[in-house]
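Dear colleague,

Please find the structure below, together with an account of what was found in it. I would be grateful if you could read the two side by side.

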Amino acid sequence: MSLADSLAAAPPAAASRITWVHPPGGFLGLSLLNGLLRILTLGVYHFWGKTEVRQRIWSAVRVDGEPLEYRGTGSELFRGFLIVFFLVLLPLGLITLVAPLLWGARPVGRGAIESLIWIVLFSLWGVGIHRARRYRLSRTRWRGIRAGLSGSSAPFAWTYLWTTLLIPLTLGWILPWRAARLHQALFNETHFGDKAFVFTGRAGPLYKRFWLVWVSAIVLFVVVSTAVAGVVGMSYTGRTAGPPANPFTWDKIAAIVAIVFAALLIFAMIRAWYSSRMFNYFASETTYQGCRFHLATTVPSLVWLVASNYLIRTLSLTLLSPIAEARATRYIIDRLSLEGPVEWQAIGQNPDALLTRGEGLAEAFNVDAF
Amino acid sequence: MSMPSDPTLYSAKLSDGRTATSLAAKARLGEAGIEIFPAGERRVALTWPYSELQSSVPLIAHAPDVLLSLKPNGSQTLFVANSAFSQGLLARAGALSPARQRLLGLRPGIAAVAVAGAIAATVVLLDLHPSQTVARLLPQQTREAMGHSVVAQLTGHMKQCETGPGRQALDRLARRLTTAASDKPAPIKVVMIDWALVNAFAAPGGQIIMTRGLVQRAGSPDEVAGVLAHEIGHTIELHPEAGLVRAMGLAAAAQLIFAGSTGTATNIGLLLTQLRYTRVAEREADAHAVRILKSAQISAKGFGDFFERLEPKISNPQTKTDPAKTDEGNKSDDKKSTSRGSRIFTTEILRTHPLTTDRLALVRAQPAYAATPSLSDDDWRALREMCGPAPVIAPRPGTKAAPTPGQPAPRPPVAEADREIAEATQALQANPDDAAQLQKRARAYTKKGQHTEALADYVKATQLRPSEAGLHVGRGAAHYSLKQYELALVAYDEAIRLDADNVAARNGHGNTNRALKRYEEARSDFDSLIKLRPTFVFGFYNRGLTNVDMGRLEDATRDFTSALGLDKDYAGAYTQRGLLYEKTGARDQAIADYRAAIAAPAAKYESGPWAQRVARERLKGLGVAAP
């Protein structure tokens, strides 16, 4: 007698609920403990600590009352980091250190080396994003069913690279288009079980809000530059001989800091207005098995989330990053819903090769080092 | 140890891992494992042994729910939302607890610490020098290239001095020392940079940097030879290369340790510019130095003299990110102020070469041997002037007496000043850009009270030698005398920026602030001055005057008393203090002070005549006979 025979009919489907159930104990104690153990082990425990944080966060996300599961391990993260460090970071680091010492005299050569290094870094960054996501999805389960990201990293990395290079050339106008393009590249290949997500979003609706972000960035930059120049330049009036005695007094520095800070704050709020629209729009264009997602972020709450998370991270010197991570996830989950019932029985197990005990090189390169 | 089975049936959700559905089930905590009954079944369909369970998060005693599967990759999952179940399960499957899980995760970390500790212990116990070994493996070309970069980085914007005779003198000295150093001397390149700071350091690839300040501060060529021999010692032992290798290694290790937790800054540039030497390195270099000096038949006394000349500080060397910046922040609290010149320039060398009494003792313990001077007189002069004419030493404190209210400065013999003006003018006709002559003439003009002419000369001199603090002091004084107080402040600020220990500059700055009625600033100037040079009598005198201006009579009295403690012949201080005593009603003390003022030598300070005149007047006013 198989389990399938004793399948009890699921209750008539209401819309699947996505909820957040905060873990008992929260994340503060865990953050501090991880920090301590990290120091005691010269940083090695970091990967196990990160894993436990992810387990806790995943487990707080409930669909129809049952939690997501994170099956990644600390050793996988550590292995991935070592691979990336010794094959990529260390050689690059050595080159950047040694090259100026050995060939620093020739500026043309050095410029070529630097450009090459930047291109390599950007490409690897794209690969890293894809691989990290693939790793995380492949280690995510719900009711035992795996999620996954199909496709190879190379096309994604290529798209990432050339769209990044176009950002300065288009003075930033490509950003919404790029966001939609990259989001699509990732989501259309994202699976839960053997069924894929579908993303139908376009960049057009984004531009309606983006233009204001772009204009305000320029305006703020000009305003801040003239204001700062005014503050600094004030010390040059009235002196006829020699440089001023005190070009930077404390009150001038304070004024400059205040101006820049205010400008950043204003820009952050405008950007949040745009981001909120982008997140909600992307979610509403994403469907799974015909059911549409719905995300209801609002600008004030988003601004508060970003600002408070930034403070949490910087004031704790990243020690309390898990708290920020959990808050950000909770924020999304609390506002995320799925319209319509999903036919869970129609979804089979993800066919991607399971991680076997003796992992192959391909698996080893499914790194999540960042 | 197995616990009795718990007969309770808990509600659960079971998924088979083949589709994304879950069925209702019941679970029971059996003896050997969890017994699972799918809904409606009476028989146990599955038993999951406790030893093979894994949970989605480490299981705590009162977890409201738990999600279980079988190790290592079970796709079937069991979800039980009951804290009693969690508690019972934890008692039977202790491996699921957070402590046990974390312990598993700690194993690699502890292993890493053990390995690192073993490596460190090996290096220390076997007295290995890994960075030095690596440095030795580098080819000479690489070392020279590294050296070029380091030299460029540290001295980029400064001029290298290359006058012919000076260069030859320096090369002769270097050659004498390197041939004495070994039979196969490695090529050494000595670079002299036009920098007032006193310092010398070795860069990779046999390149040694010396500063103009060091050469001009030294009292004899033997002192320079000693320093150069010491630096050659560093080069022989490959200390600069090893230092760079060590810095890079540390940076890579830090990257490895901290890269996992982003946010820790590893500033490689910071490490690279820290050319600091350990005590061991210093000892080795010293040993080479005395050996080389002996072999070259140069007396080691000069080497010792040089370091004694720079007042030794046992205080901890401060971290410096860029030795190329002059240090305005270094206010040393040295109580014995024996040096006459600028102290700030000397501590730079001490920061990169920590001096201890051991080192000095070693150098001094060298037995005497036959020696010849390291450079001929001509070569020594050429070396000192390699970066241009040697500057005249800054005016000694005491000649810049505080201007007193109301009385113009008495004029010394005019004839001598005229002669100096004539001499200087003649010399300037031959070489109009001779800063030393300009300074001489400007001084003479000042003595004659021709401040406008003096100012013109000082301005030109400071344009020629902008890093010479003494010239800015002169310029400031000229502005002050012409009542151009704002400009005086600018000049004194520049002097202080160049030479934070320049008492004349600080004194002038304070006086100028006082003239501008900025009493708080003046007071703080004099506070710094006193802290800098507690034996400088004018610091106290001028601060006393400022305190009088601010109405702080008690402080002023204390200051004048301190001034008199430094010099009991200071008529001006007596009179000022007498005035204060008189104001506060201490009549007898006032009379005593006035009498002392009259008894003191009149010509010692510029305020002398004024002090005595006022003292006599006040005595008359008090109805006392003047002596």
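**Cores, sheet and confidence**

In this predicted model, the largest nonpolar core comprises 126 residues, and those with the most contacts inside it are Leu177(B), Leu228(B), Leu293(B), Tyr570(B) and Tyr574(B). A nonpolar core is here a set of buried Ala, Val, Leu, Ile, Met, Phe, Trp, Tyr and Cys residues joined through C-beta atoms within 7 Å; buried denotes 20 or more other C-beta atoms within 10 Å of the residue's own, with C-beta atoms placed from the backbone. Helix H19 (residues 485-498) of chain B supplies the largest share of this core, 9 residues. Because domain 3 (137-384) and domain 4 (414-567) of chain B both contribute residues, the core lies between them; the domain bounds come from an automatic or database assignment.

Leaving aside neighbours within four places in sequence, Leu293(B) is in contact (C-beta atoms, placed from the backbone, within 7 Å) with Ala225(B), Gly226(B), Ala229(B), Ile298(B), Ala300(B) and Phe303(B). A second, separate core has 24 residues, including Trp142(A) and Leu338(A).

Chain A contains an open sheet of 10 strands, ordered E1-E2-E3-E4-E5-E6-E7-E8-E9-E10, with antiparallel pairing. Strands (E, at least two residues) and helices (H or I, at least four) are DSSP runs numbered from the N terminus, and two strands pair if DSSP finds at least two bridges between them. Strands E1 (18-20) and E10 (336-339) of chain A stand at the edges with a single partner strand each, so one side of each has no neighbour in the sheet. E1(A) is joined by 3 bridges to the antiparallel strand E2 (residues 61-63) of chain A, where Ile18(A) stands opposite Val63(A).

Helix H6 (residues 175-187) of chain A lies across E6 (190-192), E7 (195-199) and E8 (286-288) of chain A, at about 165° to E7(A). Angles run from 0 to 180 degrees between N-to-C directions of lines fitted to C-alpha atoms, for helices over the stretch in contact.

As to confidence, pLDDT (the predictor's confidence in each residue, from 0 to 100) averages 80 in chain B, where 83% of residues reach 70 or more. It is below 50 over residues 260-273 of chain B, and under 50 over residues 393-411 of chain B. Where pLDDT is low, the predicted coordinates should not be read in detail. The predictor gives the complex an ipTM of 0.83 and a pTM of 0.61.

Residues are numbered from 1 along each chain as its sequence is written, while chains are lettered from A and ligands numbered from 1 in the order in which they are written. As the model is predicted, local features need pLDDT of at least 70 and side-chain atom pairs count only at pLDDT 80 or more, whereas totals for chains, interfaces and linings use all residues.

With kind regards

Key
Two residues are in contact if their C-beta atoms, placed from the backbone, lie within 7 Å. A residue is buried if 20 or more other C-beta atoms lie within 10 Å of its own, exposed if 12 or fewer, and partly exposed in between; C-beta atoms are placed from the backbone.
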